[in-house]
Each structure stands twice: as structure tokens, then as C-alpha cells.
Amino acid sequence: MPEDRVNRRRFLRGAAAASAIGLAGCMGGDDDGMQLRVGTSAGGTQDVGLAVERAVSQESDELDYSTVESPGYIGTLYRLDSDQFNAGITDNNSMSKAVEDRGDFAERGVDTIPYQGFSAFPYSIYIVALEGTGIETFDDLAGANVYPAEPGYSTRATTLDVWSQDPTADIYEEMNIMDMGVSDAPGAMEEGRIDAAIAYGTPGVSYTGFVTEYDARVDVSYVEPTDALIESAESYGGAGTSRTPYGDWGLEQDIGTDEVFTWDLEVNYVFHSDAGDDAVYELCRVVDEHNDTVNEAEDQFNDFESTEDMLGQALEGDDFPFHPGAVEYYQDNDAWDDSLSTPE
């Protein structure tokens with residue numbers, strides 16, 4: 001990572017912290033008060049954001065929460081960096097790549113990384129192929145037209161990160177990666193212009209919108225993972241892996257498997273350093289104490305059995321501190337993990 005960008009990130013964070021302390025001392029409160037504008041990508045993520053917004057409107061008399069549509073998790077990080085909103089929903093892999101200037105951030109980096117807040121939901125990903133293509137295993141994707149979701153989507157970036165490393169890089173290099181919006185993909189599959197696509201969603205709950213649409217329009221079958229794909233997924237630091245019974249989390253159709261192997265990413269609420277401590281604290285309280293209210297509106301959101309569950313699969317290290325308002329909430333509820341980082 002370029003040293004000047006590291007130093008600028010540290011300077012900006014330090015300046016923001018000093019500014020917040022100064023304002024709090026003079027005014028007796030946070031400079032942004034009790035307002036959160038939360039950037040969310042379209043589809044299931046936006047549904048989660050709207051469910052949280054509904055819960056806040058019902059269960060808090062203090063917090064002003066609004067959902068703002070944003071172009072994917074990567075786009076959310078760019079917009080947080082440019083101060084377009086003070087909170088957002090993004091994923092661990094995108095956060096890691098932003099810090100390390102990898103992927104989309106290699107040519108266009110960000111100067112600030114948002115603070116962590118709490119876990120929102122996991123996304124699990126696998127592959128299906130259009131019936132009649134003859135694609136049965138991951139190796140059969142060589143030469144095929146493959147759709148790994150819309151450019152800018154973190155599910156796409158994470159998928160390509162897994163595929164493009166050894167020992168699956170040789171197959172990936174022979175794929176024809178299709179670039180189009182998720183609204184166009186089901187039609188392209190129906191027309192035979194896409195041979196295979198990723199399927200993803202929250203296990204046990206639901207799939208994202210374009211997956212449910214192509215599930216209703218075309219017949220697909222499971223693409224069996226090879227040993228090489230399993231090795232690539234398990235060795236990639238930006239994603240976890242899992243095996244899920246298909247009967248517990250299936251499409252409307254039989255895709256020819258009893259179990260799906262997935263690579264997973266953790267999706268979280270994050271906050272700009274300018275987000276008010278009281279606002280973040282209050283949001284943590286609402287999603288913790290009124291978790292059932294959020295789940296009634298959108299069951300994709302995590303079902304927290306305890307306050308500790310809100311930490312999820314948190315990123316560790318000094319590059320990924322938690323927002324002070326969230327830290328205070330966890331400490332007040334004896335749920336803080338001292339191995340995690342706090343702002344300087």
C-alpha cells in the first residue's frame with residue numbers, strides 16, 4: 001500500500017477524532033447529532049436497511065435514520081470516503097481490499113476507512129448452470145459465459161478473487177465473464193446468453209432478487225465444486241466457506257444436489273468517523289433490544305441471541321477500529337471483545 005495513503009488515512013482519522021472531541025467539549029454533544037444517513041446497495045441489502053429504518057422509527061424517539069441507495073458494497077465505501085453519507089452497509093472483503101489497495105481500489109483508492117459497527121447478515125455463494133449447457137463441474141466453466149453478478153457488487157468481487165487465484169486460475173482465465181446489471185441477467189439467461197451464474201443469499205432465509213427471478217424463469221442445475229475450487233475458497237482470507245443442506249436453503253426447483261458448497265462474506269453496518277457517538281449507540285440499542293422488530297420486517301437480518309452476537313466475524317487489527325459509539329454500547333452490555341480495535 002502506498003505510504004502516503006496510509007499516512008493520509010491516519011491523519012484524517014486523527015483529525016476527525018480531534019474535531020469530534022472539541023465539538024463535544026464545546027457543545028455538549030456530537031456534531032452530527034442523532035442523524036444517520038445509511039448507504040445500502042439494491043436488493044436484499046436495501047431490504048435489510050429499510051427493515052432497520054422501520055424498527056428505528058417504531059422504537060426510538062431520538063434517532064433520525066434514512067436509507068440511501070448506493071451502488072454495491074464497493075460503491076458504498078467510495079461514497080463514505082467522499083462524505084455522501086455517514087453510515088453504510090458493506091462487507092469484510094471490500095474493507096480489507098480498501099485498506100490494502102487491492103481490486104477496485106488498486107487504481108482508485110480511498111483515504112478513509114469507516115469504523116466497524118455490527119454484523120448485519122452473511123452472504124453465501126455457489127454456482128448454477130443453465131440446463132442443456134453440459135456444465136456439471138467447475139472445470140466445465142472454461143470457455144463458458146459466466147455471470148458473477150453486477151460489476152461493483154462485492155459478491156462478484158469476492159467470487160472473482162476466489163476463482164482467480166491458484167489452483168483455479170487456469171479455469172478462470174478461460175471463462176467469458178459477463179458484465180451486465182442484475183436486472184438484465186435473468187433475461188440474458190432466458191435467451192441463452194449466460195451459461196452459468198452465481199446464486200447467493202442468506203442461508204435458511206432467502207436469495208437475492210435476481211436469483212429468485214432467474215429461478216422462476218429458467219431451469220438450472222448445481223455446478224459441483226472441484227477439489228481445486230474448494231482449496232481456492234478455503235485459502236482466500238477475505239471469505240469463509242460452508243456446506244449447507246440444499247433442503248434447508250433451496251431454490252424453488254430441484255438443482256440436483258443435497259448439499260451446496262459456498263464461499264461466504266460477512267456483511268456489516270459501518271460508520272463514518274463523523275457519525276455521532278450517541279446516534280451509533282442508539283442504533284446499536286435498537287437492533288439489539290428490538291431485534292425481533294427488524295426480523296419481522298426482513299428475516300435476512302441476523303437473529304441475535306445475545307449482544308455478543310452483534311460483533312459477528314469482526315475484522316481484527318488497527319486498520320479496522322470500531323466506532324466509539326458502538327464500543328460504548330458493547331462495554332455497557334459486557335459484550336466488548338478486548339482483542340478488537342478502538343479508534344486512537
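Predicted model: local features only at pLDDT ≥ 70, side-chain atom pairs only at ≥ 80, totals over all residues.
User: Hi! Let's begin with α3 and α4. At what angle do they pack, and how far apart are their axes?

Analyst: Hello! Helix α3 covers residues 72-81 and helix α4 covers residues 92-100; the two pack at an angle of about 50°, and their axes are 9 Å apart. That makes α3 oblique to α4.

User: Which hand does the crossing have, right or left?

Analyst: The crossing of α3 past α4 is right-handed.

User: Nice. Which residues make that contact?

Analyst: From α3 come Y73, I74 and L77, and from α4 come S94, M95 and A98.

User: And how do those residues divide into nonpolar, polar and charged?

Analyst: There are five nonpolar residues and one polar residue in the contact of α3 with α4, and no charged ones.

User: What about α4, how many of its residues are buried?

Analyst: For α4 the count is eight of nine, so this helix is largely enclosed by the rest of the structure. Its buried residues are N92, N93, S94, M95, S96, K97, A98 and V99.

User: K97 is on that list of buried residues, thanks. What does D91 do at the start of α4?

Analyst: A side-chain oxygen of D91 reaches to within 3.0 Å of the backbone nitrogen of N93 there. Beyond the other end, α4 is followed by D101, which has a positive phi near 55°.

User: Let's take A98 from that helix. Is A98 buried or exposed?

Analyst: Buried: the relative accessible area of A98 is 1%. A98 lies in α4 and is one of the residues that meet α3.

User: How far is A98 from D161 in sequence and in space?

Analyst: They are 63 residues apart in sequence, and 14 Å apart in space from C-alpha to C-alpha.

User: Changing topic to S154. Where is S154 found?

Analyst: S154 is in helix α5, which spans residues 154-163. S154 is buried, and its relative accessible area is 1%.

User: What does its side chain make a polar contact with?

Analyst: The partner is the side chain of S94, at 2.9 Å. S94 is also one of the α4 residues in the contact with α3.

User: Which residues does S154 touch, leaving out those up to four places away in sequence?

Analyst: S154 touches Y73, D91, S94 and L265. Y73 belongs to the α3 side of the contact with α4, and D91 is the residue whose side-chain oxygen approaches the N93 backbone nitrogen.

User: Good link. Now α2 and α10: what angle do those two make?

Analyst: Helix α2 (residues 44-59) packs on helix α10 (residues 277-289) at about 95°, with the axes 10 Å apart. That makes α2 roughly perpendicular to α10.

User: Which residues meet there?

Analyst: V52, A55, V56 and E59 of α2 meet L283, R285, V286 and V287 of α10. By class, that contact has six nonpolar residues, two charged and no polar.

User: Over to the backbone. What is the phi of D83?

Analyst: D83 is not a glycine, yet its phi is positive, about 65°. D83 lies in the loop between α3 and β3 (87-91), just after α3.

User: Is D83 buried or exposed?

Analyst: D83 counts as exposed, at 52% relative accessibility; the cut-off is over 50%.

User: What about A149?

Analyst: A149 also has a positive phi, about 90°, although it is not a glycine. A149 lies in the loop between β5 (145-147) and α5, and at 0% relative accessibility A149 counts as buried.

User: Where is the cis peptide bond?

Analyst: The peptide bond from D166 to P167 is cis, with omega near 5°. P167 lies in the loop between α5 and α6 (169-172).

User: Last one: which residues is S221 in contact with, leaving aside neighbours within four places in sequence?

Analyst: S221 is in contact with I127, V128, A129, E131, I135 and I255. S221 lies in strand β9 (residues 220-222) and is buried, with a relative accessible area of 14%.

Notes:
Residues numbered from 1 in each chain as written. Heavy atoms only, no water. Axes fitted to C-alpha atoms, helices over the stretch in contact; angles between N-to-C directions. Helix = DSSP H or I, 4+ residues; strand = E, 2+ residues; numbered from the N terminus. Parallel < 35°, antiparallel > 145°, perpendicular 65-115°, else oblique. Left-handed = near helix turned anticlockwise from the far one by under 90°. Contact = heavy atoms within 4.5 Å. Nonpolar A, V, L, I, M, F, W, Y, C, P; charged D, E, K, R; others polar. Buried < 20%, exposed > 50% of the residue type's maximum accessible area, 1.4 Å probe, protein only. Polar contact = N/O pair within 3.5 Å; in protein donor to acceptor, adjacent residues only side chain to side chain.
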